Amino acid sequence: MKNMKKRWLVVVCALLMFGGTPVGRAAEAPAFVIEPKYDDVDLYFTEGLTSVQLGGKWGVVDKTGHEVVKPQYVGINFFKGGYADFVGQSGQYGFIDHTGRVVVQPQYSRVEIFGDVWAVQKNNFWGLIDKSGREIVKPQYDNYKWQGNEGLASVKKNGKYGFIDETGKEVIPFKFDVAYGFSDGRALVILDGKEGFIDRSGNIVFWRQHDYVWDFVDGMAVAEKDNQYGFIDLTGAEKVPPVYDRVLDYEDGYALVSKNNKSGMIDKNGQEVIELKYDILSYFSEGLSVFKSKGRWGAIAQTGQVVIEPKYDYMYSFIDGLARVELRNKLGFVDKTGQEVIPLQYDYAAEFADGLAVVRRDGKFGYVDKQGREVIEPQYEDAYNFSEGLAWVKKGEKWGAIAQPTVAADSAPPLADVPDDWAASEVDEAIEGGLIPSILQSGYKDKISRQDFCFLAVHFLTVQTGRSLENILSERGLDLNDNPFNDTQDAFITAANKLGIVSGRGEGLFVPDDPITRQEAAVMLKNTAKVLGIDMPVSPSGFADQDNIAAWAKDAVDFVFSAEIMSGMGDRHFVPEGTYTRQQAYMTILRLAKN
């Protein structure tokens with residue numbers, strides 16, 4: 001189960017490779033979006049949900065901390081396409097949807113994702129079900145093998161293997177003694193005691209001539225003969241003779257090879273593009289390959305030129321322009337020129353994700369940005385990367401979630417994606433004040449949707465009150481149960497509705513993707529102010545198009561005008577049905593914060 005994965009995954013990934021800027025003042029400790037109360041958590045949020053453990057049982061929470069599924073299961077996997085498999089008390093697998101509803105009761109001994117459906121095992125037989133639990137193929141196959149994403153699975157029936165597609169149709173006859181999954185349009189089979197590779201029509205393309213052949217990747221497969229390794233192409237032709245002691249699959253046209261304990265790189269013609277002279281070599285990442293020579297690590301370009309001299313005890317591959325380096329048990333980051341942009345002062349450092357990296361110093365975990373600023377000072381017992389705007393951190397013995405702080409960009413965004421000059425200063429001030437979630441810091445001139453405005457308003461409330469959404473709701477005797485809308489499961493929309501900030505369009509519809517109008521924005525802003533207890537004298541706005549303002553919005557328009565949150569559009573017109581952009585929303589949220 002995914003829940004079992006921990007930080008050792010980072011180390012494992014590193015081992016799979018072949019073979020001073022001062023720190024700025026740390027930002028204030030962020031408030032918890034989800035209070036620390038869980039014994040264990042999944043690494044990431046997916047589709048707005050993640051699994052949590054409490055008292056030895058697993059449940060599901062959304063990004064507000066609302067327990068969509070109370071902890072009660074042995075394990076829960078990640079969500080994909082709105083569904084996740086879980087293990088019940090019986091040890092059997094079932095399925096839940098994103099609302100936590102059990103759509104398939106626990107009854108299967110194993111489950112595997114097969115494209116857009118699920119392969120399931122029951123009473124030692126395999127079949128297919130869709131995400132609603134409907135049986136596509138009754139469990140009847142003795143075995144199941146699927147790999148890649150090529151829409152065919154190898155199954156066994158009556159002692160012979162064949163292939164089915166996601167609809168359950170048997171597309172390749174059951175005639176093979178053994179058959180493995182497809183990779184690069186080829187599948188290894190055994191027929192009458194002979195090994196060969198078939199295409200997707202089931203035709204034998206070639207019979208194996210080497211001692212062993214691995215899966216095809218990037219149009220090539222590793223082939224072994226007499227304990228030496230080379231490569232064959234999709235026709236079975238030998239493209240690289242088996243002359244190497246060790247090889248790894250091709251990646252972006254290059255393969256890592258080793259002979260006499262020295263590593264280098266070849267192209268698909270077998271030409272050595274990087275001389276075999278390194279102790280360890282990695283694949284190219286962002287144009288650079290890290291290597292080990294004489295006990296030290298550095299980096300080379302695709303030309304073979306040394307870009308970073310080997311001087312580190314260890315070096316990781318480049319991601320987003322930076323690479324982790326280690327020297328005398330301290331870690332930091334270097335850029336592609338070798339400059340140490342983040343000093344080697346940490347006991348642990350993860351790769352960057354969403355502009356931030358987890359680091360550990362003096363036994364505590366925090367976060368740095370790409371300029372080396374500790375945007376969240378090391379203060380947690382453990383921490384994971386940010387995903388979907390949140391990160392799990394451990395405080396004491398319990399896990400909670402914090403929101404991603406504003407991260408300084410490496411450079412100014414493209415001109416097409418910056419606020420207009422008349423809006424820039426207020427938008428910047430709102431961002432610097434933490435009022436705008438990082439995920440909304442783009443598309444400034446775009447119309448803001450009803451869903452995004454709800455997210456903005458709820459985030460604003462947590463910033464202004466310094467309390468988690470869960471606390472804000474509980475203090476008012478509210479929760480996120482009984483979602484009134486049938487066209488969205490977004491927790492922030494539900495929260496905004498429960499708090500009286502926004503309502504639907506009738507008949508259970510919220511229409512989350514619709515843009516809001518200026519009069520709708522006025523109502524939402526007034527309602528947000530009401531949640532915060534902001535009250536002030538209100539005077540009639542007196543707009544020239546007063547008669548065009550809907551009756552349900554008139555009081556709100558008077559409020560935002562009197563509070564100097566929203567003004568007119570020229571010639572004393574409010575234009576109630578006019579569009580409302582993200583940058584306008586951010587400006588008015590800032591003005592509301594100043595009241």
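1. The second largest pocket holds about 600 Å³ of space. A pocket here is an open set of points on a 1 Å grid over the protein atoms alone, with protein on both sides within 12 Å along at least five of seven lines. Volume is the space filled by probe spheres set on the points, which are joined across faces, edges and corners. The model is predicted: local features need pLDDT of at least 70, side-chain atom pairs count only at pLDDT 80 or more, and totals for chains, interfaces and linings use all residues. Residues are numbered from 1 along each chain as its sequence is written, and side-chain values use heavy atoms, without hydrogens and water.

2. This pocket has 25 lining residues, and Leu-49, Asp-62, Gln-489, Asp-490 and Ala-491 lie nearest its centre. Strand S5 (67-73), helix H3 (450-465) and helix H5 (491-498) each give two or more residues to the lining. Lining residues have an atom within 4 Å of a point. Helices (H or I, at least four residues) and strands (E, at least two) are DSSP runs, numbered from the N terminus.

3. The lining of the second largest pocket splits into eight nonpolar, nine polar and eight charged residues. Ala, Val, Leu, Ile, Met, Phe, Trp, Tyr, Cys and Pro count as nonpolar; Asp, Glu, Lys and Arg as charged; the others, Gly among them, as polar.

4. Now the cavities. A cavity is a set of points where a 1.4 Å probe fits but cannot get out. About 40 Å³ lies in the largest cavity. Its lining is Ser-317, Ile-319, Leu-322, Ala-323, Arg-324, Phe-333, Glu-351 and Phe-352. By class, that is five nonpolar, one polar and two charged.

5. The second largest cavity has about 30 Å³ of space. Ten residues line it; Asp-42, Thr-50, Ser-51, Asn-77 and Phe-78 lie nearest the centre. The classes are four nonpolar, four polar and two charged.

6. Tyr-278 sits in strand S29 (residues 272-278). Tyr-278 counts as buried because its relative accessibility is 4%; buried means under 20% relative accessible area, with a 1.4 Å probe and protein chains only. Ser-263 is 15 residues away along the chain, yet the two C-alpha atoms are separated by 5.0 Å.

7. Overall, the chain has eight helices and 44 strands. Its C-alpha atoms fill a box of roughly 90 × 60 × 50 Å along the principal axes. Of the 595 residues, 50% count as buried.
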